[in-house]
Amino acid sequence: MICPLVRRAAGVVPRRGLRPRSLALSTCPVLSRRQQEPFPAPSPRTTHQSLTLLSKSTSSSPALPSNVSLERALADRIAEWAGSTRAPERLAAYGVDGALARPLLREWADATAARVADGGVAAAGFDVAALALAHAANDPAAFESAVQRHFMAFVAGRTSTPASLAGHLSRLLRATDLSRAPFRGDALGARAVPRHFHLHVGPTNSGKTYAALRALGRAPTGVYAGPLRLLAHEVWERVNLGTVGGLEGAGRACNLLTGEERRVVDPDAGLLSCTVEMVPPTGPAGPWDVVVIDEMQMLADEQRGGAWTSAVMNVAAREVHLCGDDTAVDLLRALVESYGDELTVHRYERLTPLTVADKSLEGDWTAVRPGDCVVTFSRSNIFAVKKLIEQKAGRKCAVVYGALPPETRAEQARDFNDDAGRAEVLVASDAVGMGLNLKINRMIFESLHKFDGKNEVPLALTQVKQIAGRAGRFGQAHASASSSPSSSSGGQVTTLYAADLPRLRELLPLPLPAASRAVLEAPPGALADLAALLPPTTTFAALLEHLAALARLPARTALASHAHKIPLARLVETSRAQLALDEVALFTHAPVNHRDERVAAVFSAVVAAYAGAGLVELEAVLAPTRLLKTLDVAETTLAALPPLPPHLGIGRPYLAPPVLIASIPALESLHKALVLYIWLSFRLDVAFPDRALALKHKERAERVLEACLERLPGLRQKKSHERTKEMDKEVALHRRMYTDKHGKVKPPIEWVRKEQARRGGRLGAASFVVGE
């Protein structure tokens, strides 16, 4: 059981005399363990339900606490916070002197605990529904925020509180009151439009996104918003070609908009494909006709979910089509209802069956077949598994993992999908679960655990189901955002080791836990309003903490996590005096993996250059890392090698110089640094003038990285029964064309020509080129 229920004793307790106890929040939503078939029988049938006739969700809803348990949890938090050292420290930033804070905290804690004990949570002035959801979601921070706001309102309302302090605390509470966010600012345009939401619900490979895109294809104006740049690019390409959304070859002009890319096919095009963070709230001439938002369950993601919530809340469109799994149905129903809009649910069944194999591979790598995908959970494991499969089974492997650039992942997927591609097997991390259209017959879990940076932990149920669901293809192409559903063979899922197979069988039928709260990003002005009320020495990281501690949110929402911004905020803080608050916020929102030391160094150099001179030259900020030098060396090495033979594993092994293998991590870092520069150049274009150069280096890095991955060594020689005379002839012809007897390249090398020209032809060709 990956998510044990933590139960509290729930006896009948008198309200009066309630004593604080330690806060004990349940660690997870309750998961129903009723056994079901993994998926219903394949059928393209779709059912339609109006909001009022919506059937009960098949996902598992979080168990809300009893009144007694909620009162205890609140009383515990009141007592703990009032007696903590952090309370007076934080209150000092709000103008409450330390000497005054302690007696006020004691007075408030006694009075509030008594009111909770006598009248309950609501009678004490707290939002019962919000605290109940926070309790079910194991979110003590939400309790602390409610407690802190309650105390500040208590102090501001006391007649003995100095007027200046009472006014300051009231302004702080107003500045951090986000509860009316759906009816202010950017959201006002959406409130003025009668919107009809269509929620397309179904498992992977059910055709739900295809159905939504048919509506987009018929609309005069509209937007597709995807979770990844790869998906946005794929839909953009297919709409222009007319191969998606029922266009039947009649392409329509569609523009592309992502954080790092802009492609304008036609300035007057009515259609746009973008990442969800980039959705324009309104169309070029008023509300959009149709907006499609993919992977809608992501609105509960603590880091990125704010983009989905913002799109649902702010987009002005007559029809909004949301695609996702069953976990967000009840939450979206509540949100849409609160906006005064209409919701229709369309349910889909998986179009191909997904079955669990009768047995595992029992640790036998030779049992890996063409069309298999082996999932493991670190880059080192991916390369180790790739080598084992190529050595034991003799099958060339493509690789997909999170650190690879999206373009390289797409190329690796293409090599695996294409019948003419070299790769027969895919080795991937959990990055395979979203964004790639893959022709996987069988999914193999190398393990059902992953390392989270500290410990080996079980895979989350959502990860297991999403990864397993990628197995099963639709004819020559899988069902995805861009391919029409059709009949196909089903998919199969298994494990490498027998010990994991029973657990996989147990997990797959389980319902996913329902999302209880949508994640909300603070409106742009909230940080500025709060910063004006705090001491000028407040760091940006501390400002984020204060906002999280004070924010009052709309119903059924939680504030987006800022944990990923804190490391970047600390890097930016050294230049804070030269930067405006919105510039600091922009830098902390940039796509930077701070755990990559090379990328973090480039980020620091970018911030320093921008803060110092207002001009960031690409090669100047990259120079200290020597990343471009690594790219030059790898590119030059590849130019000296013959192309790969048409069939691998026949004859002499292909050349794989160690310098190419060693350069892969640096090339990944270079690509991230270039994406960072391009991302910033679209937002601060005057200060980042080298976008064209960055794009050029980015394309070079993608080509070289793909070539390095292709040349990873390990593939064993094919056995006699695995090769044909035609294959041997093709390899022999290739060897005569491209290599000499030592395996070195025959044709002239480009850099050799350049070097000869530079030296004025003083050295003969024989000094550089073998076999001429």
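Is Arg 77 buried or exposed? Arg 77 is buried, with a relative accessible area of 10% (buried means under 20%, exposed over 50%, partly exposed in between, using a 1.4 Å probe and protein chains only). What you're looking at is a predicted model, where local features need pLDDT of at least 70, side-chain atom pairs count only at pLDDT 80 or more, and totals for chains, interfaces and linings use all residues. Residues are numbered from 1 along each chain as its sequence is written, and side-chain values use heavy atoms, leaving out hydrogens and water.

**Salt bridges**

- Searching the whole structure turns up 30 salt bridges (a side-chain nitrogen of Lys or Arg within 4 Å of a carboxyl oxygen of Asp or Glu).
- Arg 77 pairs up with Glu 80 in one of them, at 3.1 Å from N to O, and Glu 80 is partly exposed at 35% relative accessibility.
- Lys 386 and Glu 390 form another, with their closest N and O atoms 2.8 Å apart; both residues are buried.
- Arg 229, Glu 260, Glu 407, Lys 698 and Glu 702 are tied together in a salt-bridge network.

**The sheet**

- Six strands make an open sheet with parallel pairing, in the order β10-β17-β14-β11-β13-β12 (strands are DSSP runs of E, at least two residues, and helices of H or I, at least four, numbered from the N terminus; two strands pair if DSSP finds at least two bridges between them).
- β10 (354-356) and β12 (397-400) are at the edges with a single partner strand each, so one side of each has no neighbour in the sheet.
- Four bridges join β14 to β17, and Met 443 sits opposite Val 493 in β17.
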